[in-house]
Amino acid sequence: MATVRTYAEVLALEPNEAETKLITACKAGEQCILGDGTCPTEPDSTRNIRADVLRYLRLGGCTDCPVDGLGVWLRGGCISGQVDINLASIHGATLLQNCRFENCFESIQTRFKLVSLTGSSLAGWFAQGAQIEGTVFLCDAVSSDTISLFGTTIGGQLDCKGAVFSNSAGATLDAGSAKIAGNVILRKIDSYGTVHLAGAHIGGQLDGEGAKFEVGDKTALSAHSAAVEGHVLLNGVTASGHIDFDGASIGGQLSCVSAQIKTQNRYAITASKARISGGVFLNVKEAQEGNVLTPFHGTGEIRLN
């Protein structure tokens with residue numbers, strides 16, 4: 001656990017140019033852009049922000065260095081060390097966009113206003129049981145380990161559009177038992193491992209149109225006993241593993257138009273004992289000028305008993 005709590009302790013660390021720029025921006029309530037603002041592909045000393053300094057700013061600084069109500073807004077940084085803000089109440093928004101994290105980001109049971117890790121390169125994010133008042137943005141993020149939002153409460157959306165998640169050992173995105181007031185957006189993600197939503201409550205839609213799941217003989221999308229108040233949209237999904245909605249409650253449609261599900265297991269889609277208020281669509285996408293029709297394809301049983 002980091003122990004930097006005062007500005008004097010920050011100064012004792014001899015802040016580098018990037019850290020000084022971030023501190024100044026946080027005090028002024030402004031965005032800090034390091035380098036060209038894109039996500040670094042490798043460690044870059046000119047953009048380095050140490051975890052201790054970032055944690056100090058995330059907790060609001062101190063009377064000698066107060067952080068503006070906006071919070072921390074950083075683009076293009078290299079976060080070195082272990083960011084550990086477990087059990088904390090975070091000051092303002094957490095906007096760490098296009099940043100490269102050296103280690104897993106830990107924020108278990110933490111209280112956030114808003115989190116954006118859009119475009120960032122992550123070594124995993126452990127946020128089990130966190131309380132997030134607004135939306136979580138993981139758009140175009142890349143993670144080499146589990147994004148764990150198990151049991152979290154999210155007052156807005158969970159937006160992962162275009163993200164790439166990898167974890168050969170288990171779940172890539174785990175939002176099991178989470179309570180999400182808005183939509184869960186998995187549109188056009190690439191997942192090399194299971195996306196786990198079992199027991200989650202989603203107040204809006206589950207939108208996974210165009211998502212790709214490469215999981216071998218494992219489950220691609222697990223939404224066992226989940227409650228989705230809106231539609232489940234899996235149109236155009238490509239999956240090498242099975243889709244599990246057993247015992248789920250869906251307030252709208254279950255739409256798998258033009259999906260390609262090729263599993264090595266017995267089942268392609270299971271929704272045993274599910275309650276689906278709308279239609280179930282396993283048909284072909286409507287013809288559009290210049291487009292080739294792609295029929296739904298499932299290798300394995302579709303089980304709706």
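Predicted model: local features only at pLDDT ≥ 70, side-chain atom pairs only at ≥ 80, totals over all residues.
**View 1. Arg47 and Asp36 form a salt bridge.** The closest N and O atoms of the two residues are 3.3 Å apart. Both Arg47 and Asp36 lie in the loop between strand E1 (32-33) and strand E2 (48-50), so the pair ties together parts that are 11 residues apart in sequence.

**View 2. Glu133 and Lys113 form a salt bridge between two loops.** The closest N and O atoms of Glu133 and Lys113 are 3.4 Å apart. Glu133 lies in the loop between strand E14 (131-132) and strand E15 (136-137), and Lys113 in the loop between strand E10 (111-112) and strand E11 (115-116), so the pair ties together parts that are 20 residues apart in sequence. Glu133 counts as exposed at 52% relative accessibility, whereas Lys113, at 41%, counts as partly exposed.

**View 3. The side chains of Arg187 and Asp207 meet in a salt bridge.** The N to O distance here is 2.7 Å. Arg187 is placed in the loop between strand E22 (184-185) and E23, while Asp207 belongs to strand E25 (residues 206-207), so this pair ties together parts that are 20 residues apart in sequence. Arg187 counts as partly exposed at 29% relative accessibility, and Asp207 counts as buried at 9%.

**View 4. Ser191 is a buried residue of strand E23.** Strand E23 covers residues 190-196, and within this strand Ser191 has a relative accessibility of 1%, which means that this serine counts as buried. The side chain of Ser191 reaches the backbone oxygen of Gly193 at 2.7 Å. Leaving aside residues up to four places away in sequence, Ser191 touches Phe165, Thr172, Lys212, Phe213 and Glu214.

**View 5. Helix H3 is largely enclosed by the rest of the structure.** Of the 8 residues of H3, 7 are buried, and these are Ala51, Val53, Leu54, Arg55, Tyr56, Leu57 and Arg58. Ala51, in this helix of residues 51-58, has a relative accessible area of 6% and touches Ser80, Gly81, Gln82 and Val83, not counting residues up to four places away in sequence. Ala51 and Ile85 are 34 residues apart in sequence, and their C-alpha atoms are 9.8 Å apart in space. Just after H3, Gly60 takes a positive phi of about 100°.

View 6. A disulfide is a covalent bond between the sulfur atoms of two cysteines. The structure holds 0 disulfides. Cys39 is partly exposed, with a relative accessible area of 24%, whereas Cys78 is buried, with 5%.

**View 7. Val280, Leu282, Ile302 and Leu304 form a nonpolar patch on the surface.** Together these residues have about 290 Å² of accessible area. Ile302, which lies in strand E37 (residues 297-303), is partly exposed, with a relative accessible area of 34%.

How values were computed. Residues numbered from 1 in each chain as written. Heavy atoms only, no water. Helix = DSSP H or I, 4+ residues; strand = E, 2+ residues; numbered from the N terminus. Buried < 20%, exposed > 50% of the residue type's maximum accessible area, 1.4 Å probe, protein only. Polar contact = N/O pair within 3.5 Å; in protein donor to acceptor, adjacent residues only side chain to side chain. Contact = heavy atoms within 4.5 Å. Patch = residues over 30% accessible without salt bridge, like charges linked within 9 Å, V, L, I, M, F, W, Y side chains within 5 Å. Areas by Shrake-Rupley, 256 points an atom, 1.4 Å probe, with all protein chains shown as cover. Salt bridge = Lys/Arg side-chain N within 4 Å of Asp/Glu carboxyl O. Disulfide = S-S within 2.5 Å.
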